[in-house]
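I opened my notebook to look a few things up, one entry at a time. Come along and check each entry against the picture.

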Amino acid sequence: MDYKNHFDFMKNRNKFFMTSIAILLIGLIVLVTMNLNYGVDFKAGTSLDINMGQSVTKEKVDQAFETSGFKPAITTLSGSNNDHVSARFDTILTEDEIKKVNSTMVATFGDKVSQEVNTVSPDIARELGFKAMIAVGIASLAICIYVSIRFEWRFAVAAIIAILHDAFIVISVFAIFRLEVNLPFLAAILTTIGYSINDKIVIFDRVRENLRFSRIKTSEDLSNMLNASIWQTMTRNINTVITVLIAALCLFIFGSESIKLFALAKIVGLASGAYSSICIATPLWYLLKNKSLGSKTRAAAVKE
């Protein structure tokens, strides 16, 4: 099948690069100036999960917290009947302060109120943040080694840049829109890396197969082969991404409040992974391969 009349991804690679660079720069500026909106998992503080035992309104809950003298930084209502309250405090509450909040809630909403306390100390918060970076680093290194062994170093370089691009796209979105970053967010980043490399392996495998049967002499030959490889795997990639996206969307729409941000990070990561496999990783490999192709051409010319 002739793919010359299809959309030329290699010809438009600079547009894709500029779009990604613009998003990443905005995210980097927000990160430098405002940092991420860390949740209690990565920030010292206390989190209260309160089962109210009845339907409540945010106004009445906020008023109860003010009465107790301890106002949380973030208050979220959840549950099918708005009967569950999640409150995050930027400071660590003492046992007496937690008891005072609980007694105020019981006095306001009745004795069916029950609460679960989660406190993170500054040391634990720093340790979790450090381990999060280590986890992402180890995952990226392992993928780089795997792709280098199965394919070649150019594929590995293109893949690792693209999956780090995907991870940072998710981080940028959460930074720009000030969404809370917690442990489920880290899980979403790691699974994003896994799904992202899967998309890239599918395309790279087809590229490697087409290389065996193609006579690549010029940059145009290389570009045509890559465009053909992308279009040959397009249906499989779309079906795979849509299947997982539907599951992530269902989690986001129907899932509990605690899992919504995880699902949102997954949605952003999956979309970015599908985009980068076609528009970032493959064009990057094209640039690296084209450079070596040019070197071989010049060497052949010198010999002649």
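**Entry 1: a surface patch**

Which residues make a nonpolar surface patch of about 500 Å²? I found Met18, Ile21, Leu25, Leu28 and Val32. A note on what I am looking at: this is a predicted model, where local features need pLDDT of at least 70, side-chain atom pairs count only at pLDDT 80 or more, and totals for chains, interfaces and linings use all residues. Residues are numbered from 1 along each chain as its sequence is written, and side-chain values use heavy atoms, with hydrogens and water left out.

I also wrote down what a patch is: its residues have over 30% relative accessible area and no salt bridge, with like charges joined within 9 Å and nonpolar side chains (Val, Leu, Ile, Met, Phe, Trp, Tyr) within 5 Å. The areas come from the Shrake-Rupley method with a 1.4 Å probe, and for residues only the protein chains shown count as cover.

Helices (H or I, at least four residues) and strands (E, at least two) are DSSP runs, numbered from the N terminus. Val32 is exposed, at 66% relative accessibility. For that word I use these cut-offs: buried is under 20% relative accessible area, exposed is over 50%, and partly exposed is in between (1.4 Å probe, protein chains only).

**Entry 2: the sheet**

In what order do the strands of the open sheet stand? I read the order of its 4 strands as β3-β4-β2-β5, with antiparallel pairing. β3 and β5 (114-120) are at the edges with a single partner strand each, so one side of each has no neighbour in the sheet. The twist averages 15 degrees from one strand to the next.

Two strands count as paired if DSSP finds at least two bridges between them. Strand β2 (residues 45-51) and strand β4 (residues 84-89) run antiparallel and are joined by 6 bridges. Between strand β3 (residues 74-78) and β4, also antiparallel, there are 5 bridges. A reminder to myself: strands of a sheet pair through backbone hydrogen bonds, either parallel or antiparallel.

I followed Val85 in β4 and found Ile50 opposite it, and Leu77 stands opposite Val85 as well. Ser78 has His84 in β4 as its bridge partner. β3 and β4 form a hairpin with 5 residues between them, and Gly79 in that turn has a positive phi of about 95 degrees.

**Entry 3: helices on the sheet**

Which strands does helix α2 touch? Helix α2 (residues 58-68) packs on the sheet and touches β2, β3 and β4. Its direction makes about 140 degrees with that of β3. Helix α3 (residues 95-109) also packs on the sheet, touching β2 and β5, and its direction makes about 155 degrees with that of β5. For these angles, axes are lines fitted to C-alpha atoms, for helices over the stretch in contact, and the angles run from 0 to 180 degrees between N-to-C directions.

**Entry 4: salt bridges**

How many salt bridges does the count come to? I noted 10, where a salt bridge is a side-chain nitrogen of Lys or Arg within 4 Å of a carboxyl oxygen of Asp or Glu.

Lys71 and Glu66 make one of them, at 3.9 Å from N to O, and Lys71 is exposed at 59%. Asp90 and Arg88 make another, with their closest N and O atoms 2.7 Å apart. Here Asp90 is partly exposed at 38%, whereas Arg88 is buried at 7%. Arg88, Asp90 and Glu180 are linked in a network of salt bridges.

Then I looked at Lys200 and Asp166, whose closest N and O atoms are 3.3 Å apart. Lys200 is in helix α6 (residues 183-213) and Asp166 is in helix α5 (residues 153-176), so the pair ties together parts 34 residues apart in sequence. Lys200 is buried at 1%, and Asp166 is buried at 0%.

**Entry 5: two residues in helices**

Is Thr192 buried or exposed? It is buried, at 3% relative accessibility, and I found Thr192 in helix α6. Not counting residues up to four places away in sequence, Thr192 touches Asp166, Ala265 and Gly269. Contact means heavy atoms within 4.5 Å.

His165 is in helix α5 and is buried at 7%. Leaving aside neighbours within four places in sequence, its contacts include Ser20, Leu24 and Tyr275. His165 and Leu24 are 141 residues apart in sequence, but 8.1 Å apart in space, C-alpha to C-alpha.
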